[in-house]
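Open the model in your viewer and keep the selection tool at hand. The stops below say what to pick and what is there.

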Amino acid sequence: MTQFDDRTMANLDVVLEEVCRSLPHGGDHELRKVIAEKLLDSALNGNKTIGGLTEVARAALAETTKKSA
């Protein structure tokens, strides 16, 4: 796996926690895993800002919850 700098790692962590905060108990493992994978893919493609990562995480959450509804 590619190593990210400390700032990118912190941004990934903050965004995942922030997006999952609205879910009961912070979301289940599988949902968090799907969102985290989308975030990692985005960061690997150069999207490393909190704003950009937040958009990706929100879209992943909406897509995943739409599928399960």
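**Stop 1: Thr-64**

Begin with Thr-64, whose side chain comes to 2.7 Å from the backbone oxygen of Ala-60. This is a predicted model. Thr-64 belongs to helix α3. Show its surroundings, leaving out residues up to four places away in sequence, and you will find that Thr-64 touches Leu-31 and Val-34.

**Stop 2: Leu-61 and the core**

Now select Leu-61. Apart from neighbours within four places in sequence, Leu-61 is in contact with Val-19, Leu-23, Leu-31 and Ile-35. Leu-61 is also one of the residues with the most contacts inside the largest nonpolar core, a set of 15 residues.

**Stop 3: α1 against α2**

Hide the rest and keep α1 and α2. Two packed helices are described by the angle between their axes and the distance between those axes. For α1 and α2 the angle is about 145 degrees, and the axes are 11 Å apart. Their crossing is right-handed. On the α1 side, select Thr-8, Leu-12, Val-15, Leu-16, Glu-17 and Cys-20, which make the contact. On the α2 side, select Arg-32, Ile-35, Ala-36, Leu-39, Leu-40 and Ala-43. Coloured by type, the residues of this contact come out as nine nonpolar, one polar and two charged.

**Stop 4: Asn-11**

Stay with α1 and pick Asn-11, which lies in that helix. Is Asn-11 buried or exposed? Its relative accessible area is 12%, and the cut-off for buried is under 20%, so Asn-11 counts as buried. Setting aside neighbours within four places in sequence, Asn-11 is in contact with Lys-48, Thr-49, Ile-50 and Leu-53.

**Stop 5: His-25**

Last, go to the loop between α1 and α2 and select His-25. What is the relative accessibility of His-25? The value is 86%, and exposed means over 50%, so His-25 counts as exposed. Check the backbone here as well. Most residues other than glycine have a negative phi. His-25 is not a glycine, yet its phi is positive, at about 60 degrees.

How values were computed
Residues are numbered from 1 along each chain as its sequence is written. This is a predicted model: local features need pLDDT of at least 70, side-chain atom pairs count only at pLDDT 80 or more; totals for chains, interfaces and linings use all residues. Side-chain values use heavy atoms; hydrogens and water are left out. A nonpolar core is a set of buried Ala, Val, Leu, Ile, Met, Phe, Trp, Tyr and Cys residues joined through side-chain atoms within 4.5 Å. Buried means under 20% relative accessible area, exposed over 50%, partly exposed in between (1.4 Å probe, protein chains only). Contact means heavy atoms within 4.5 Å. Axes are lines fitted to C-alpha atoms, for helices over the stretch in contact, and angles run from 0 to 180 degrees between N-to-C directions. Helices (H or I, at least four residues) and strands (E, at least two) are DSSP runs, numbered from the N terminus. A crossing is left-handed if the near helix is turned anticlockwise from the far one by less than a right angle, and right-handed if clockwise. Ala, Val, Leu, Ile, Met, Phe, Trp, Tyr, Cys and Pro count as nonpolar, Asp, Glu, Lys and Arg as charged, and the others, Gly among them, as polar. A polar contact is a pair of N or O atoms within 3.5 Å; within protein, one must be able to donate a hydrogen and the other to accept it, and residues adjacent in sequence count only if both atoms are side-chain atoms.
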